[in-house]
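Try each one with the model open before you read the solution.

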Amino acid sequence: MRASLSIPLSRVVTIESFIIDQEKKHAPEATGELSNLLYDIGLAAKIINSHVRMAGLADILGSAGAVNVQGEVVQKLDEFANDTMKHALLRTGRACLLASEEDEEPIPIPPGYRTGKYTILYDPLDGSSNIDVNVSIGTIFSIHRRVSEGNGPGELRDCLQPGRTQVAAGYVLYGSSTMLVYSTGQGVHGFTFDPTIGEFLLSHPNITTPPVGKYYSINESNFPRWDIRVQKIVRCWKGTLTEPNMKPKNSRYIGSLVADFHRNLLAGGIFAYPADTKSPNGKLRLLYECAPLAFLCEQAGGYASDGSRPILDLEPAELHQRSPFFVGGRDDVRFVEELLAQPAVADRRA
Ligand code: AFP
C-alpha cells in the first residue's frame, strides 16, 4: 500500500528530508553536495517517470532508428531519459564528468559552467526493449568522487574506478508504482513516488536481502551456450541435479535488469547473466549496471560476483566494459563461485 494511503501526509518522510537527516547523522561535516546531487537525480527521475507513464499514449514511443554504442536500437524514450539526466546534472557545478550507457565518450561539463567533485555514470533507461510492451524499465546510477586533482575538467580515470569506491548508487524502477532505491553506504532505502503530491516518500527503509533466496533469474534460452559448470548450477536451481548446499528455487525472469534485481532484493533470490559463447565477457555493463547494483546488494547484506571475484573489486579498463554478473543472496552467490571454481567436467548425473 502506498505510504500516503496509510500515513497522514503531514507525517510522511520525503526523500529530501531523509537525505538531509542521513547526512546530519552520518556526515555532519559534509558540504551537502552529494545530497544535492541525489535531489538532482530525484528530479530527473520524476521527469522521466512522467514520460514513461505517457509512453503508451504519446507519439514518443517507437524506435528512433539510431543504433547506440552497444549495437542496440535506440528508442525515443531512451534519448529523452538520457537528455533529461544530462540536463539535470551537467550545469549544477556538482559533477566534473558524466558517462552514459547511451554515449560512446564521457560527457564533459559545458564551457562556462563550474566543475564539481563527482562523476555520475548512468544507464538512463535500462530494459528499453520492454517499453513497447508495457513492461517495467529502470534508470541506474553510480556516483564516484573524482580522483584527478584540481577543479578542472574531469578525466576518463575519474570514471574508471572500481565499484568499491562508489559514494552512492541507486536505481529508479518504473513499475506498477515508481520507486527510487539508493544507498550512500549507510544501508539501502526505498522511496515510492506519490503522484498526487509529486514526491518520493520513504516506503522501504533499511532494505535487507536474505542470504538464500527463493528465486533464480536467468535467460535460460542461453543454456546451450553456457560453460558446463553454469549449466550444472542452473540444474541445481531447477532441482534436476542435487547438491548438498542448494535447495531448488522458483524461476522468475523479466529481462529488465532493474525489475529482476528489485524483486530479488526484496523477496530474495539470485540474478545471473553469465558469459556464454555469444557474449564471452557477459552482456551487462560493469560500470552502468553491475557495479551500482553490486553496491546496493552488498549494502543490503547480499553479494555480487563475476563468477570468481567480487564485482566491486573489478578495476575497469574501459567505459563500456562488460562483465559476467551474479548478484543476490550472499550464500547463493558463493555457491556459484564454489561451483565455478571446480574443473569443467561433465557431471555424470546430469
Ligand atoms: P535492453 O535495454 O536491450 O532491453 O536490455 C536489457 C538488459 O540490458 C537488462 O536490463 C536485462 O537484464 C538484459 O539486458 C536482458 O538480456 P536478455 O534479453 O539477453 O535476456
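**Exercise 1.** Work out which hand the crossing of α2 and α3 has, and which residues in α2 and α3 meet.

*Solution.* Start with the crossing: α2 and α3 cross in a right-handed way (left-handed if the near helix is turned anticlockwise from the far one by less than a right angle, right-handed if clockwise). Keep in mind that this is a predicted model, where local features need pLDDT of at least 70, side-chain atom pairs count only at pLDDT 80 or more, and totals for chains, interfaces and linings use all residues. Residues are numbered from 1 along each chain as its sequence is written, and side-chain values use heavy atoms, with hydrogens and water left out.

Next, the geometry. Helix α2 (residues 15-26) packs on α3 at an angle of about 160 degrees, and their axes are 10 Å apart (axes are lines fitted to C-alpha atoms, for helices over the stretch in contact, and angles run from 0 to 180 degrees between N-to-C directions). So α2 is roughly antiparallel to α3 (under 35 degrees is roughly parallel, over 145 roughly antiparallel, 65 to 115 roughly perpendicular, the rest oblique).

Now the residues: E16, I19, I20 and E23 of α2 meet S35, L38, Y39 and K46 of α3 (contact means heavy atoms within 4.5 Å). Sorted by class, that's four nonpolar, one polar and three charged residues.

**Exercise 2.** Find out how α3 packs with α4, and which residues meet there.

*Solution.* Helix α3 (residues 33-54) and helix α4 (residues 76-89) pack at about 155 degrees, with axes 9 Å apart. That makes α3 roughly antiparallel to α4. Their crossing is right-handed.

On the α3 side you'll find L37, D40, I41, A44, I47, I48, H51 and V52, meeting L77, F80, A81, T84, M85, A88 and L89 of α4. The class count is 12 nonpolar, two polar and one charged.

**Exercise 3.** Decide whether α6 is oblique or antiparallel to α9.

*Solution.* Helix α6 (residues 228-238) and helix α9 (residues 330-340) pack at an angle of about 140 degrees, their axes being 9 Å apart. Therefore α6 is oblique to α9. The crossing is right-handed.

Methods: Helices (H or I, at least four residues) and strands (E, at least two) are DSSP runs, numbered from the N terminus. Ala, Val, Leu, Ile, Met, Phe, Trp, Tyr, Cys and Pro count as nonpolar, Asp, Glu, Lys and Arg as charged, and the others, Gly among them, as polar.
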